[in-house]
Amino acid sequence: MSQNFEAKLRAALHRHCGARFQLKDFKRLSAGASAETYALDVEAPNGRQALILRRSATSGAGLGVNVDKRTEALLQRAAGKHGVPAPEILFILEQDDGLGEGYVMRRGEGETLPRRILEKAELAPAREGLTSDCARALAAIHAVPVDELPSLPALPAGPQLKQIEALYRSGPLVSPVFELALCWLGKRLPTAAEASCLVHGDFRNGNLVVNDSGLQLVLDWELSHLGDPMEDLGWLCVNAWRFGRRDRPVGGFGQRADLYTSYESISGRRVEPEQVRFWEVFGTLKWGVICILQAMLHLSGAVRSVERATIGRRVPETELDLLDLIEGHDT
Amino acid sequence: MTRKATRIPAAAELVDAVAGFLEQELLPGLEGNQKFNTRVSINALRIVQRELLQPDRQEARLLELADQIRSGKLDENDPQLLAELRRHTLDRLAVDSPVYSAYLAARPQS
């Protein structure tokens, strides 16, 4: 990491938070394709603060479906104002900071690794309430007034299906099971009267901060859009995000009936199981297409990564999940 | 126009990714015996990579099925189609992800 980067980071903290915000340490957390995440250890007037910097990757290699970092920050702020457990955004980077596009947020206290959330003994009580915590968070997300949001793409079922199909066809992989799923989905598009509320787009085990008090934060808002709220419920139940606990459809920790009942009573919205099933099939296909795109990032030479390359071989997992769902063998 | 395949990356490409990682990222920081054996490992992987450039027998059938489903020639409800797709998918999972939860549920005992 260049000294230039560190100097700019210090300057940005001073500029936006004040001279008494001193950067003590920082480290890069993950090497995402479209975003870079850094943990910042900052000394502030009221004590040590654990912050996170998220910025667009300098390589510019993305999946093409993400919102920009400024929008991401603004929508988390708006969501936070309406009872959503979204991260607190301290400041948004400006051009003069010389750090590209991004923002600094407060780091959540708790576990984010899915297997630990599912297995740690200390989190057993938290797991008990986690399904209803998620229902509450989702109900709040879907209730955020749209006119208080920055501009987001409108992606109800039809347009989003076309988008996923186009992404699939642009890649090198041919899958008869994906073709089947595209047919199946195309014939069952929900004709929801309301398909224009805030949808998180990546609400799943893997993007939750959980501690012994339960769900603390919902992370990773870059796939947010306007659409059908049932999409978020479907995605949460996709088998890939159950991390081996296939018998607990909700994130590997909960049952559908509990999720639907809690969500209905908090949101006042009726949950149609078949509609959630549509979105679970859709989400499974979408994850499969994301696997292809990840492998392509390596194969194209954009980001050489043995991890990305290997993700391409997770496509058959999604194919079996699709067949199970379509044939009714799912849980 | 990208060449189409029914699985990506190809096995040879996966092996190339691993060999590349060992060579570019790991090797420069090694010394002595570890350096030597890493070079040997890279060489072994390159052998496997060359050996893997064999045509995949399932490939033609899967491309055909995909084409027929896309053009509407096959019915999504056809039990024989579903059974064949399931068979191919399970074969793939045996290689790509043999401890995946859905695979274990579909084929609990061997």
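Biologist: What volume does the largest pocket have?
Modeller: The largest pocket has a volume of about 1600 Å³. A pocket here is an open set of points on a 1 Å grid over the protein atoms alone, with protein on both sides within 12 Å along at least five of seven lines. Grid points are joined across faces, edges and corners, and the volume is the space filled by probe spheres set on the points.

Biologist: Before we go on, what sort of model is this, and how is it numbered?
Modeller: This is a predicted model, in which local features need pLDDT of at least 70 and side-chain atom pairs count only at pLDDT 80 or more, while totals for chains, interfaces and linings use all residues. Residues are numbered from 1 along each chain as its sequence is written, chains are lettered from A and ligands numbered from 1 in the order in which they are written, and side-chain values use heavy atoms, with hydrogens and water left out.

Biologist: Back to the largest pocket. Which residues are closest to its centre?
Modeller: The pocket is lined by 44 residues, and A:S30, A:R204, A:G206, A:N207 and A:D220 are the closest to its centre. A lining residue has an atom within 4 Å of a point.

Biologist: Which elements give two or more residues to that lining?
Modeller: In chain A, the strands β1 (22-31), β2 (35-44), β3 (47-56) and β5 (102-106) do, along with α9 and α10. α10(A) gives the most, with 4 residues. Helices (H or I, at least four residues) and strands (E, at least two) are DSSP runs, numbered from the N terminus.

Biologist: And how does the pocket lining divide by class?
Modeller: It has 21 nonpolar, 14 polar and 9 charged residues. Ala, Val, Leu, Ile, Met, Phe, Trp, Tyr, Cys and Pro count as nonpolar, Asp, Glu, Lys and Arg as charged, and the others, Gly among them, as polar.

Biologist: You listed A:D220. Where is A:D220 found?
Modeller: A:D220 is in the loop between β8 (214-218) and β9 (225-227) of chain A. Its phi is positive, about 60°, although A:D220 is not a glycine. Most residues other than glycine have a negative phi, and most peptide bonds are trans.

Biologist: Where is there a cis peptide bond?
Modeller: One joins B:I8 and B:P9, with omega about -10°. B:P9 is in the segment before α1 (11-26) of chain B.

Biologist: Now the two chains. How many residues are in contact?
Modeller: 38 residues of chain A are in contact with 38 residues of chain B, contact meaning heavy atoms within 4.5 Å. The area buried between the chains is about 3400 Å², and carbon and sulfur atoms give 64% of that. Buried area is the accessible area (1.4 Å probe) that two parts lose on being put together, summed over both. A:V174, A:R313 and A:L320 supply 22% of the area that chain A buries against chain B, more than any other three residues.

Biologist: What about A:E94, which residue does A:E94 form a salt bridge with?
Modeller: A:E94 pairs with A:R15, with the closest N and O atoms 3.0 Å apart. That pair links distant parts of the chain, 79 residues apart: A:R15 is in helix α1 (residues 3-17), and A:E94 is in the loop between β4 (89-92) and β5 of chain A.

Biologist: How many cavities does the structure hold?
Modeller: It holds 2 cavities of 30 Å³ or more. A cavity is a set of points where a 1.4 Å probe fits but cannot get out. The largest cavity has about 130 Å³ of space. Of its 19 lining residues, A:P316, A:E319, B:T6, B:L62 and B:R92 are the closest to its centre. α4(B) gives the most to this lining, with 5 residues.

Biologist: And how much space lies in the second largest cavity?
Modeller: About 80 Å³. Its lining includes A:D324, A:D321 and B:A102. α11(A) gives the most there, with 3 residues. The lining divides into 2 nonpolar, 3 polar and 6 charged residues.

How values were computed: A salt bridge is a side-chain nitrogen of Lys or Arg within 4 Å of a carboxyl oxygen of Asp or Glu.
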